[in-house]
Structures are given as structure tokens and as C-alpha cells.
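Subject: Handover of a structure

Dear colleague,

Please find the structure below, together with its sequence.

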Amino acid sequence: MWKNKPCVVIGRHQNPWLECNVSKAVTMSVDVVRRASGGGTVYHDEGNLNCSFITDKCRYDRRRNLQFVIDAIESRWDLDLEINKRDDIILDKLYKVSGTASRLTRTKTYHHFTLLYRTDTDKLHKLLTSPFGTGVNSKATQSVSAQVRNMSDYATDMDFSSLVQVIGQHFHCGGLDQEFDQQRFGEIQFVDPTDNEIFPGLHKLQSDLENWDWVYGKTPKFWLKKNYSTVLGRTEFTVSIATEINKGKITQVDFTYLDTNHNDQMVNILANVRDIFIGQRFWIDDLEVLIHKLKGTVGSYGNKDLLNWILCCLKDTLHV
């Protein structure tokens, strides 16, 4: 049983840009992290309790784990909790208070899930709302949105300590599995999860999970596409921008425009913009630097209004 400082946690096969507001998370100093298990995106803060069940593969049973926690909570508080078909815990048949995920290896498994008891739901909604709407083509796993609520709205005395105590006592009383000899587990232990002496190799694992290439570079390939039109002088310009992002980098930028817009200036501008952006990280700070540099060379393209418009369109497509 554990809790985190505020962070957005995405599933192993998800796209962080489509699951949350990455720019807002950076501004608010909220970490975006990718876990090794599948499932959807969740928000953690110190008003959320996480439970992890680590077992041999033959003992893997998500619904048993969830029901065990429900039984523990309902033994103390008068709450109506149930498990839905997605293995979420639902309060009052409407509000999601727990999202679940798991990972199975050849011999071992872990199953973990959230328990919202006093989470900042305003921050949750702000961070889990992506600015990317239409014009996105992605095969990444998508989260299923749901109404959420804190259990403390109904059980006002519920906090981290009381939850840990109730669930821990239920475990020691054989609430999870009567076959276990509960005496051999002793008392509930509180540990420092950052202590590398207790958990050797933890710092290496932490470094790997914090790496940009893992958090963002593991994102499945996706496309951003939008159409734009404007009038510059007496000429109407129409352009479609399609950008491919693969492994966290821009790998392709395609511009499609009307034959009537075909001229040397248009060709030159689009070719240079394409060459400069391909291979760059899909990261707002990096892209802002590129756009600033391009604006500084506007005089060399002849038609500064056309270049500025193309850059504005590209910024809008990429949400820079």
C-alpha cells in the first residue's frame, strides 16, 4: 500500500499527449510517468491510496483482490462499492473510485489499483484533459473516461492511515486467503521505498523509468493532421499538414496544397520547414526553439507573410 506525490501515470501502451495535458503538467511541476503494466491513465496524489498485489502466476486473481479491499473498506465505512466489468471499483453504482492494471510474466504477476479517498479532483480533470481533439490518428490504447468521486465525500473520517490500517488488519485476519498462515507475516511494516539498501537495484530502475525515451519515446506511432486556408494579398492559400510522430520524434511532415498555390516561394518554404522539423523530439521546448529560429530567417524566404502563416498552422497542428 503506497501513495505518490502528484503525477499522471499512463499505461505501457498509451500516448501521453492524447491522455493528458503534457504542457500543463510541466507548468504545474506534475510528473508524467509510464508504468510497465497496461491499462489506462490515472492521476495520483496524496489523497489516493495505491494497492499492489504481487503473487505467483497461479494465484493471479484481480477480482479477488478488489473484493478483498471492498470487504475491508465496508467493514469500517457504510459505502456501496462494487466491481464493474472493467475491474473498476464503483461507488453508488455511478462513480469510479478505483482504476486497475496488471502485468503477467512467465511465473510472477502484479496487480495494482488506485483508491480515491481525498484526491484533488479539480486538478485531476485539468491534467487528464488532452488539448488534442480532432485530426489525430493513433493506435495507442485509449483510456475510458468515467465520473469520479472521493470516498471521503461519504466517509468524512477516511484518510491514508485509517485506510492502511483497515486493509492491513483485514489481510492479517485472513481476508484475502484463508489458506495462508497469517501469523508468519507479523505486523504491518512501513518502509522507505527509495532505500536502495532494502531494495537493491531500485535506483537503476528509477533512472530507467524517468528517462524521456521511456516516458515519451515508447509512445506508439501517431499522426496529427489539419487543414488551413487564408488570403494573403490577393491570393487564397490552402494547405493540409500531416505530421507523423514515432518514438517521440517527428519522422514525417507532409504538406498538401492547391495547384494554384504552386510557386517557387511556396515550394522553398515548405521544403525547408520539413527538413528542419524531421528528426526533432516532439517536445514543446524543442519545437518553440525551432520556430523561433525559422522566424529569424524570414527575410531569406521572400514572402515573410506566407512563412509566418505556415508556421502558425504548424504550431496549431502540433499544439506548440
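Helices (at least four residues) and strands (at least two) are DSSP runs, numbered from the N terminus. On that basis, Lys247 is placed in the loop that runs between strand E12 (235-246) and strand E13 (249-257). Please note that this is a predicted model.

Backbone at two residues

Lys247 has a phi near 55°, which is a positive value in a residue other than glycine. Most residues other than glycine have a negative phi. With a relative accessibility of 59%, Lys247 counts as exposed, since the limit for that class is over 50%.

A positive phi also occurs at His319, where the value is near 60°. His319 is found in the segment after H10. Its relative accessible area is 27%, so His319 is partly exposed.

Domains

The domain assignment of the protein chain gives two entries: domain 1 (2-216) and domain 2 (222-318). Taken over C-alpha atoms, the centres of domain 1 and domain 2 are separated by 41 Å. Where the domains meet, 13 residues of domain 1 are in contact with 13 residues of domain 2.

In soluble globular proteins, nonpolar side chains tend to be buried together. In this model, the largest nonpolar core has 45 residues, and those with the most contacts inside it are Val273, Phe277 and Phe282. Helix H10 (residues 304-318) gives the most to this core, namely 8 residues. Both domains take part in this core, as at least three residues are drawn from each of domain 1 (2-216) and domain 2 (222-318).

Which residues does Phe282 contact, leaving aside its neighbours within four places in sequence? They are Trp17, Phe132, Trp212, Phe222, Leu224, Ile245, Gly248, Lys249, Ile250, Leu287 and Leu318.

There is also a second, separate core of 28 residues, which includes Leu66, Ile73, Tyr117 and Leu163.

The cavity

How many cavities of 30 Å³ or more does the structure hold? It holds 1. The space in the largest cavity comes to about 40 Å³. Its lining consists of Phe132, Thr134, Gly135, Val136, Leu224, Lys225, Lys226, Thr317 and His319. His319, one of these lining residues, is the residue described above with a positive phi. Phe132 and Leu224 also belong to the lining, and both are in contact with Phe282.

Strand E11 (residues 222-232) supplies the largest share, 3 residues. At least three lining residues come from each of domain 1 (2-216) and domain 2 (222-318).

Ile10 is found in strand E1 (residues 7-10). Is Ile10 buried or exposed? Its relative accessibility is 0%, so Ile10 counts as buried, the limit being under 20%. Leaving aside its neighbours within four places in sequence, Ile10 is in contact with Pro16, Glu19, Val33, Arg34, Arg35, Thr41 and Val215. Along the chain, Ile10 and Val231 are 221 residues apart, and their C-alpha atoms are separated by 42 Å.

Yours sincerely

Technical notes. Residues are numbered from 1 along each chain as its sequence is written. This is a predicted model: local features need pLDDT of at least 70, side-chain atom pairs count only at pLDDT 80 or more; totals for chains, interfaces and linings use all residues. Side-chain values use heavy atoms; hydrogens and water are left out. On a 1 Å grid over the protein atoms alone, a cavity is a set of points where a 1.4 Å probe fits but cannot get out, and a pocket is an open set with protein on both sides within 12 Å along at least five of seven lines; lining residues have an atom within 4 Å of a point. Grid points are joined across faces, edges and corners, and a volume is the space filled by probe spheres set on the points. Domain bounds come from an automatic or database domain assignment. A nonpolar core is a set of buried Ala, Val, Leu, Ile, Met, Phe, Trp, Tyr and Cys residues joined through side-chain atoms within 4.5 Å. Buried means under 20% relative accessible area, exposed over 50%, partly exposed in between (1.4 Å probe, protein chains only). Contact means heavy atoms within 4.5 Å.
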